[in-house]
Amino acid sequence: MGTATLRDSYGRIADDLRISITDRCNFRCIYCMPAEGLKWLKRDDLLRFEEITRLARIFVQKYGVRTIRITGGEPLVRIKVEELVGMINELDPTLDITMTTNGVLLRDKAQALKDAGLKRINISLDTLNMQRFHEMARSDQFDRTMDGIDAAREAGLWPIKLNMVVMKGHNDDEVVDFARLARDKGYEVRFIEYMPLDGDGTWTNEQVVPSRRIQEQIEDLFPLVPVNDARPGPATRFKFADGAQGGLGFISSVSQAFCTTCNRVRLTAEGGLRTCLFSLQETPLRELLRSGASDEHIGQVIETAVWRKEEGHLINKPGFIKPAKSMSQIGG
Ligand code: SAM
Ligand code: SF4
């Protein structure tokens, strides 16, 4: 168990670690990556599974981190990712180990991930229309992605959260369909506001659909009741008022930032510690790992970085600077 906590200078405690394990991806979602891809990290620059596990151990055993989310890039393109899940699970089998994936490789991987100790899964899905999928993910793997969602369910990775990034003029006319899907299948759908972390650098506020607009559209058909979480997370959660299965959540990063309750810290695929998605700098840990630094020393570096966590991001405010890295290079 953790003996200390990772506290920042505003009193927030970081106990949710997001680990990106690759910057590569088999999709090119328009809100995340340019069509031509990005300059990939070299294999040697990626943290090895042993290195990731060592850092995870420090976060879990020294600082009481309870949730570890594996992400990317697309985490399932990293070979034998289930071995990493198993290594992290061995640190403490009660850990909440989760993954965010585009789902396309889940038919092959879901059972192995479950067996290795993955507890929950978030699958990104922005449209229920094949042609649109082609336009938004710039991939022709719609059927395989849908089948991947079924495979996760069959493997017992439950509940399944579906992440939908809502973009004006692209998929905002499908939000009610996604609410219906949540009810029909029992999924938890998360509507995510489009953030200025796209690889093309073409984000504008006009493309963002504020959560309250999405909620209004849905409530015209399906009245909602709020879920009062003991501890507020990034999503404002709702159940259906008529008692239907499934649920909805709104991640309003742009229209209503939730920085005051942010409990997250991120590790990039090359071992950079980031205290915010919008951090302009990160704390490199890879060379410490590779130069024989002790856990004690690495812990001190982590503590100092978390203490300096930004108060919040400044999207749509004067002084906002877009980070040099895009979402797939940070780990969403
Ligand atoms: N490839 C995996 C996937 O798509 O689920 C994991 C990595 S992806 C970067 C993590 C999450 O970030 C996904 O749910 C994706 O939809 C979301 N995302 C990517 N770019 C975004 C943006 N500009 N604004 C909001 N969410 C974004
Ligand atoms: Fe790949 Fe995920 Fe980014 Fe889409 S959102 S390009 S699936 S990393």
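View 1. Cys25, Phe27, Cys29, Tyr31, Cys32, Gly73, Asn102 and Ser328 are the residues around ligand 2 (a residue is near a molecule if one of its heavy atoms lies within 4 Å of it). By class, this shell holds five nonpolar, three polar and no charged residues. Ala, Val, Leu, Ile, Met, Phe, Trp, Tyr, Cys and Pro count as nonpolar, Asp, Glu, Lys and Arg as charged, and the others, Gly among them, as polar. This is a predicted model in which local features need pLDDT of at least 70, side-chain atom pairs count only at pLDDT 80 or more, and totals for chains, interfaces and linings use all residues. Residues are numbered from 1 along each chain as its sequence is written, chains are lettered from A and ligands numbered from 1 in the order in which they are written, and side-chain values use heavy atoms, with hydrogens and water left out.

**View 2. Ligand 1 and its polar partners.** Ligand 1 is surrounded by 18 residues, with Tyr31, Gly73, Ser124, Asn163 and Met195 the closest. A polar backbone atom of Gly73 is 3.0 Å from a nitrogen atom of the ligand. An oxygen atom of ligand 1 lies 3.2 Å from a backbone N or O atom of Thr101. In the side chain of Asn163, an N or O atom is 3.0 Å from an oxygen atom of ligand 1.

**View 3. Thr71 in strand 4.** Strand 4 spans residues 67-71 and includes Thr71 (strands are DSSP runs of E, at least two residues; helices are runs of H or I, at least four; both are numbered from the N terminus). Thr71 counts as buried because its relative accessibility is 3% (buried means under 20% relative accessible area, with a 1.4 Å probe and protein chains only). Its side chain reaches the backbone oxygen of Gly332 at 3.2 Å. Leaving aside neighbours within four places in sequence, Thr71 is in contact with residues including Ile19, Ser20, Thr100 and Gly331 (contact means heavy atoms within 4.5 Å).

**View 4. Helix 2 and what covers it.** Helix 2 (residues 81-91) is largely enclosed by the rest of the structure, because eight of its eleven residues are buried. These are Val81, Glu82, Leu84, Val85, Gly86, Ile88, Asn89 and Leu91. The cover over the buried residues includes strand 3 (16-20), helix 1 (49-63), strand 4, strand 5 (96-101) and helix 3 (106-116).

Note on methods. Buried means under 20% relative accessible area, exposed over 50%, partly exposed in between (1.4 Å probe, protein chains only). A polar contact is a pair of N or O atoms within 3.5 Å; within protein, one must be able to donate a hydrogen and the other to accept it, and residues adjacent in sequence count only if both atoms are side-chain atoms.
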